[in-house]
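Have a look at the model first.

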Amino acid sequence: MNDAQAIDRDDSTARPVLRATGLSKVYEMGEVRVQALKNIDLTLHERELLVLLGASGSGKSTLLNILGGLDVASSGSLFYGEQELSGASQTELTYYRRDHVGFVFQFYNLISSLTARENVSLVTDIAVSPMRPEEALALVGLESRMDHFPAQLSGGEQQRVAIARAIAKRPHILLCDEPTGALDVGTGRLVLSVLDRVNRETGTTTAIITHNAAIGRIGDTVLRMSSGEIVERMHNAQREDVERIEW
Amino acid sequence: MVTRASQWAALWRVRTLQLKLLRECWHLKGQILSIALVVATGIMTVITMGGSYESLVEAQQRYYNDMRFADVWSSLRRAPESMRERIQAIPGVALADTRVSFLATLDLEGLDAPAQGRFVSLPENSRPILNDILIVRGRYVDSNASDEVIISEKFANARGLHPGDEIRVIINGRARSLDIVGVAISPEHSYSVPPGSLLPEDDRYGVLWMGVRALGPAYDMDGAFNEAFVKLSPGVNERAVIASLNDLLEPYGGYGAYARRDQPSHMMLQGELDQNRVMGTAMPAVFLGVAVFLLHLVLGRLITTQGGEIAVLKAFGYTDAEVGRHFLMFALLAVLLGTLIGTVGGMALGRGYIDIYRQYFDLPDLQYRLSPGLLLIALLVSVAGAISGAMGAVRKAVQLPPAEAMRPEPPARFTPGFLERLGIGRLLSASGRMILRNVERKPLQAFFSSLGVAFSVAILIIGLFMYDGVIQLIDLQFRKIQREDITVSFLQNVPASTRFELSRMTGVTRVETYRGAPVRLRNAHWHRETAIQGLEGDGVLRRLVTAQETVHPIPAQGLVLSKVLAERLHVGVGDWLTAEMLEGKRQSAQVQVAGIFEDFLGVTAYMNLDALDRLSGEYDVISGAYLSVLESERNALYRALKRVPAVAGVASPASMLVSFERELARNIFISVGFLVGFASVIAVGVIYNGARIALSERGRELASLRVMGFHRREVATLLLGEQGIITLFAIPLGWAIGYGLAYLMVLGLQTDTFRIPFDISPRTYGVAALITVLAAAFSALVVRRRLDSLDLISVLKTRE
């Protein structure tokens, strides 16, 4: 616990982007109460790459959903800068997601009727000051596959399009839920290196959810969750090169 | 033991599958209900139209048999009673009967205008051999009384007359008071229109039956008759009998015999029945077709989304037949539900329908009866529809190898579509392209969806256009052709100088005379009995106004024929016809066709009054006059005309119009209500199902857009845009189908008495499109509510 507080102080030079205090989430399912999150304190800073580790059911997805404005906490507070997200309306949350958050999903969720470029422009069409779609696709190394439809792309390529789509709006926060979960090691490593590069080059605060402990080594901060609580906070003095991690 | 265990297992297995069916039906209740409603509409039209058709035909047949309704009809000037035996002797005649029949003026209390009565003789000592009457109140005429009369029921009801009341009539110029002893109906007057009118006017036209010994002498018809009827022996050619009858009655002033199908009352009823039969087969076909298509669409997509579950079922050992049956049950459930709703609704509607018919046709014992045969047919057709609709999808389901079905579906294959290759794509946003590609990826499905919605537009057009046509017809007939205030008709031809007496009457501002001369027009072996309408060449009250609303001049020489008559006689302008006059000197002469024009009512030949005089060899006679009158003097004039013995009747186009338009407005209201309902059911069925299925197929895609910050409205546009395109495409398609169907209906409903103008107004196109768009928008709104509650979080984790 002391360690964790020390980490927060170390990063105090960078501005905080998201601040969560005492977040809890309880699901009432009929007569059963499921406590998905218990009293979570968390601060995400500018440029930070956070890795959230945990087994399935540990609450990491619930936390990510609340941070991304897809769900609201049962108690506790969540601030994006000065804007309080706990208690925001559905419309306010939609605008929060639209203007500030990028999502990468385990199963890519590309629109099958649109090409890679069009999938990206779908988001840039509604963003405030986006990159050009071509620029975003170049960042993930797909400049030569821009006019292909999802059905014509490999899994790794589809996930890179998904990343390009998430970052094209220049989000302040990039939230990735098991981005390598459906990929083999080689392709997974390629996708992680893209996320790592995007984080370094654009300075986007990035949170990656994974059950794969090896991936923790590429983050600035690593949180391990279990039963809805943060049970371990670690800080890597040096982020490991993606090429060198194995799983 | 083993067998018993496997039996139990089979039972349990099936029950679990049934549970799955029930749960999924509940989940898809909206879709099942919308399909059921489309099926219900189809069944309802079968039960309503088919059932009332059967009921009407049955009542008609029973009535005709009971009343010994004649097969061949003929009227003449006067023949001695002894001629009846000669008629009876014509080969093929089973029964013959004769009677006396005249038009006379009625002096009705509280009615200024003269009213007309059709007096028909009855044998006093027995019932008529043919064309009997059915006494509904009171009794038959007594053989000893000379002043007893039985009156027609509609006339009795309209005037509030009952047995025991008196009625004042003017028979052959002499006023008499008659005792009403009975009220009756008869098949030949089930739809009774006064001469010179187009519509029933029950308050001023009635049928009065009197004993022949009382009526005959009054008209100088003692021991004579002026109407003869024949009942044919089975299998006899009526044309031969008609020809013999004409030959026989020719010397006695025969006006030409005609078959039952030309009897006005029968013709109206038969026309209605034919229309009913056409509608009763065409409408259900459209609805069941749409229902089959919807079943196919919904089940096909349902099975695609359930590929994994089917695989699991099959992996556990369910047979293809069990899986197939499971999905067929969806279709059957929707269809059976629809059949139930349709049968109950159809029976209620059928009763209402029959109630309306009862007002027009006094068929005794007319009850709505649903025959089990019809119900069975409706059920079989809908079940067959369900099975054929579901079969393709079910076959696809059971053919899936389990291992393949369990694998997640790869992303759907898309390519830039045809429109984009044309360069239109560049003009569209990414969302626009999504919508377009979804439509273009399954062009057949989009086309059939559009076709379904198009039928909703088409149904509205054929319904609304009929009223456009009737309104146009009325406007033409009553405002452009019949411009007189009053039509006066005389009992017999009167000297042309009568016009001066008329013009001297109070309030009369203009008089134009006419003469209707019964004639047989002949061209080679084509011939037809009609009347030549002689009009004043420079008349303004009655003109020949064509369907195109231009005035056709009346030439100094020759006939002007309505187009239908010219077609029946196979003549064109410049051809010659033989005109055999059927009254007066009955001379025959050649006459040239000087013009042909299109009209909507009747089959008439027009001629200049002077030319008609020359053709008939009878000069300076008229049979009636058209009058312009001062409105303030109208009632005074009516009273004056009532006292003129020669006047048979006075008609007023204006009063005819008012009652007709009121009636029409009510009918339009009811019919349009049903049409809107039916069309909406189709539009909602197609659009709602299309959108619901698209939502289940693409819910994940749409939810991820919501996650990325798209608003609900934006996501709804993506989903519903496709349905919007389908609806937009359906409108012109529906216009085209509606145009075609309307044209076929005009051809099908074309009769000698009545033709519907084929002119669909822009308003009809507009209203049809608007109602369909509203129904589609309503469906979209319902689906949109579901879209708003998309589970965003599930998108992040689950894979369908």
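Q: How do you know how confident the predictor is in chain A?
A: pLDDT is the predictor's confidence in each residue, from 0 to 100. Chain A has a mean pLDDT of 87, with 95% of its residues at 70 or more. This is a predicted model, in which local features need pLDDT of at least 70, side-chain atom pairs count only at pLDDT 80 or more, and totals for chains, interfaces and linings use all residues. Residues are numbered from 1 along each chain as its sequence is written, and chains are lettered from A and ligands numbered from 1 in the order in which they are written.

Q: Where does pLDDT stay under 50 in chain A?
A: Over residues 1–12 of chain A. For that stretch the model has nine contacts beyond four places in sequence, a contact being two residues whose C-beta atoms, placed from the backbone, lie within 7 Å.

Q: What makes strand 2 and strand 10 of chain B a pair?
A: Strands are DSSP runs of E, at least two residues, and helices are runs of H or I, at least four, numbered from the N terminus. Two strands pair if DSSP finds at least two bridges between them. Strand 2 and strand 10 (residues 224–232) of chain B have six bridges in the antiparallel sense, so by that rule they pair. B:Val93 stands opposite B:Leu232, and B:Leu95 opposite B:Lys231.

Q: Which strand of chain B also pairs with strand 10 over six bridges?
A: Strand 1 of chain B, again in the antiparallel sense. There B:Ser74 has B:Ala228 as its bridge partner.

Q: Why are strand 2 and strand 11 of chain B called edge strands?
A: The open sheet has four strands in the order 2-10-1-11 (chain B), with antiparallel pairing. Strand 2 (93–99) and strand 11 (258–259) of chain B each pair on one side only. Helix 6 (residues 238–249) of chain B packs on this sheet, touching strand 1 (72–80), strand 2, strand 10 and strand 11 of chain B. Its direction makes about 15° with that of strand 1 of chain B, using lines fitted to C-alpha atoms, for helices over the stretch in contact, and angles from 0 to 180 degrees between N-to-C directions.

Q: Why is strand 10 of chain B called mostly covered?
A: A residue is buried if 20 or more other C-beta atoms, placed from the backbone, lie within 10 Å of its own, exposed if 12 or fewer, and partly exposed in between. Seven of the nine residues of strand 10 of chain B are buried.

Q: What makes both faces of strand 20 of chain B covered?
A: B:Ala605 and B:Met607 on one side and B:Tyr606 and B:Asn608 on the other are all buried. Strand 20 runs parallel to strand 14 (residues 526–535) of chain B, joined by four bridges, and antiparallel to strand 17 (residues 559–562) of chain B, joined by three. B:Ala605 stands opposite B:Ile532 and also opposite B:Leu561.

Q: How many residues of domain 2 of chain B are in contact with domain 3 of chain B?
A: 13 residues of domain 2 are in contact with 12 of domain 3. Helix 14 (residues 443–481) of chain B gives the most to the domain 2 side, with five residues. The C-alpha centres of the two domains lie 47 Å apart; domain bounds come from an automatic or database domain assignment.
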